[in-house]
Every structure is written in structure tokens, then in C-alpha cells.
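Colleague: I have a model open and some questions about it. Can we go through them one at a time?

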Amino acid sequence: MTPGVVLRSTLFALFQAAVTLLFSLVALATFPLKPVVRYRVVTTWSRLVVGAAESICGIRYRVLGAEQLPTPPYIVLSKHQSAWETLAFQQIFPPQVWVVKRELLWIPFFGWGFAMLSPIAIDRGAGPRALRHMLEQARDRLAQGFCIVIFPEGTRVAPGKRGDYHPGGAWLAARTATLVVPVAHNSGETWRRNAFLKYPGTITVSIGAPIETRGLTPEEINRRVEDWIESEMRHIRGPQQPT
């Protein structure tokens, strides 16, 4: 750790706090607009934050395999290492919604703005009813042309670690007969989980070939996603250092 990293991280945190407060109010004002219009307005926030991470902290990224992306809508099943991908994916992929815990929307400012992005909010304590509600919301969002982003591991996992791949996303893909796009990345090498300090480097986001889900069980889909992501992680682990 160097004094420069501390200073840049502090400046970035101040910028992020200010722009989050501003855009939470902007997001609430978009309520009367159509969902896709709300999305384009509100996600200006994420573009600003990702841009600040690059200009202030030196966190850049490159995308491999973008040419493989199918026509939307589709379901993205991705590795999860930090908060970075929750922002950058809004630039990398078409308009999207997220499957999130309902409680996340109660967080002052951030959660209020996030609610304007039409997320699929679930109550994990509701059991089977939560799955039915998730499926209803997913079909509605897909019908509107939104992609769906899900992190099968359910929580952020440190670089070099491997979480359990829960089948919820694969189940949703099977029930809606929607293409799945597996995604691997190494964001946790520069933007660590719950860490204040941000380190310079180039994050690699690798997009796999779409998986046709028709005729596959959720278990088969989940296994294919996990096998591809974890294999790809061995190739991209470690950020490229800036020159």
C-alpha cells in the first residue's frame, strides 16, 4: 500500500458518495417514465462511477468474447468478486435487471435509486413462494426486452476462491427457455470485497459462448456454467498492471 493509493481511494470515495446522493434524487424523479427510459437515465450514475474509478484509481477493463453475445434478452450468469461488476456490467451488456434481495431496496439513497431500475426483488424467507414470484417478474422483464444478471455464487467471493453455484439462475433459464451467457472476470484483484482501497490495474471480463437451455435440466445448465467460469478464471486471474 502506498500513500498514492490511499489518496486516490479517498478522492474516489468522496466522488462516489456525492454522485450517489445526487442520482438517488434524479432516479426518484424518473418514476413516471417508461422502465427502459428510467434505466438509461439512472445508469448514467454507474457510468460516472466506473469512469471515476478509471481516471482517479487507474482501474481499467477489457472485454473478451463480446462478439459472442446473442440478441437480447438473455440471462447472464457471472462470477462475483466485488461491487465493480455491478456497475461495469451496465456498460458492457444491454439494458438489464438484477435479481436482488428485497432488503437491498430499503437502503437510503442507493436502494431508492436502484428500485427505479426494475430489479427482480425477492424475499428469501418466503420459500417456494419466492421462486414463483421471481419467475413471474423474470418473464415480465424478459418480455420487455431486458436481460437478467444473476450471480450464482450468491455473494462476493475473494480472488482464487470458489463459492457454491446455486441453481436459482439456471432454474430460471430453464423455466423461461432463455439463453444463458456465462461470464468470468477478476475484478476482485483491484476492487476488493468491502475494501476501501482501490488498486490500479486492468480487469479482464471474459464472455463465454451462449448456452442453449432448451432440453437441459437446471442442474445441467448450472454445471456447464460453473465448469466454464471456473476454467476461464484460471486463465484470467491477476490484473494486468498499467503501463
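Colleague: Is α4 largely enclosed by the rest of the structure or open, and how many of its residues are buried?

Modeller: This is a predicted model, so the values are computed from it. Buried means under 20% relative accessible area. In α4, W84, E85, L87, A88, F89, Q90 and I92 are buried. The helix is therefore largely enclosed by the rest of the structure, and the count of buried residues is seven of nine.

Colleague: Which element gives the largest share of the lining of the largest pocket?

Modeller: The largest pocket holds about 1400 Å³ of space. Elements giving two or more residues to its lining are α1, α4 (84-92), β3 (96-101), α5, α6 (128-143) and α7 (168-176). The largest share is five residues, and it comes from α1.

Colleague: How many of the residues lining the largest pocket are charged?

Modeller: The lining has 48 residues, with H80, T86, V99, V100 and L104 nearest the pocket centre. Of the lining residues, 26 are nonpolar and 15 are polar. The charged ones number seven.

Colleague: Which helix gives the most residues to the nonpolar patch on the surface?

Modeller: The patch is formed by L21, L25, L28, F109 and W112. Together they have about 460 Å² of accessible area.

Colleague: Is W112 buried, partly exposed or exposed?

Modeller: W112 is found in helix α5 (residues 110-115). Its relative accessible area is 36%. Buried needs under 20% and exposed needs over 50%. W112 therefore counts as partly exposed.

Colleague: And F23, is that residue buried or exposed?

Modeller: F23 is found in helix α1. Its relative accessible area is 13%. The cut-off for buried is under 20%, so F23 is buried.

Colleague: S118 and N194 each have a positive phi. Which of them is exposed?

Modeller: Phi is near 55 degrees in S118 and near 55 degrees in N194. S118 lies in the loop between α5 and β4 (120-122), and at 11% relative accessibility it counts as buried. The other residue lies in the loop between β6 (180-185) and β7 (201-207). At 63% relative accessibility, the exposed one is N194.

Colleague: What is omega for the cis peptide bond that joins P72 and P73?

Modeller: P73 lies in the loop between β1 (59-64) and β2 (75-78). The bond joining P72 to P73 is cis, with omega at about 10 degrees.

Key
Residues are numbered from 1 along each chain as its sequence is written. This is a predicted model: local features need pLDDT of at least 70, side-chain atom pairs count only at pLDDT 80 or more; totals for chains, interfaces and linings use all residues. Side-chain values use heavy atoms; hydrogens and water are left out. Patches are made of residues with over 30% relative accessible area and no salt bridge: like charges are joined within 9 Å, nonpolar side chains (Val, Leu, Ile, Met, Phe, Trp, Tyr) within 5 Å. Accessible areas come from the Shrake-Rupley method with a 1.4 Å probe; for residues, only the protein chains shown count as cover. A salt bridge is a side-chain nitrogen of Lys or Arg within 4 Å of a carboxyl oxygen of Asp or Glu. Helices (H or I, at least four residues) and strands (E, at least two) are DSSP runs, numbered from the N terminus. Buried means under 20% relative accessible area, exposed over 50%, partly exposed in between (1.4 Å probe, protein chains only). On a 1 Å grid over the protein atoms alone, a cavity is a set of points where a 1.4 Å probe fits but cannot get out, and a pocket is an open set with protein on both sides within 12 Å along at least five of seven lines; lining residues have an atom within 4 Å of a point. Grid points are joined across faces, edges and corners, and a volume is the space filled by probe spheres set on the points. Ala, Val, Leu, Ile, Met, Phe, Trp, Tyr, Cys and Pro count as nonpolar, Asp, Glu, Lys and Arg as charged, and the others, Gly among them, as polar.
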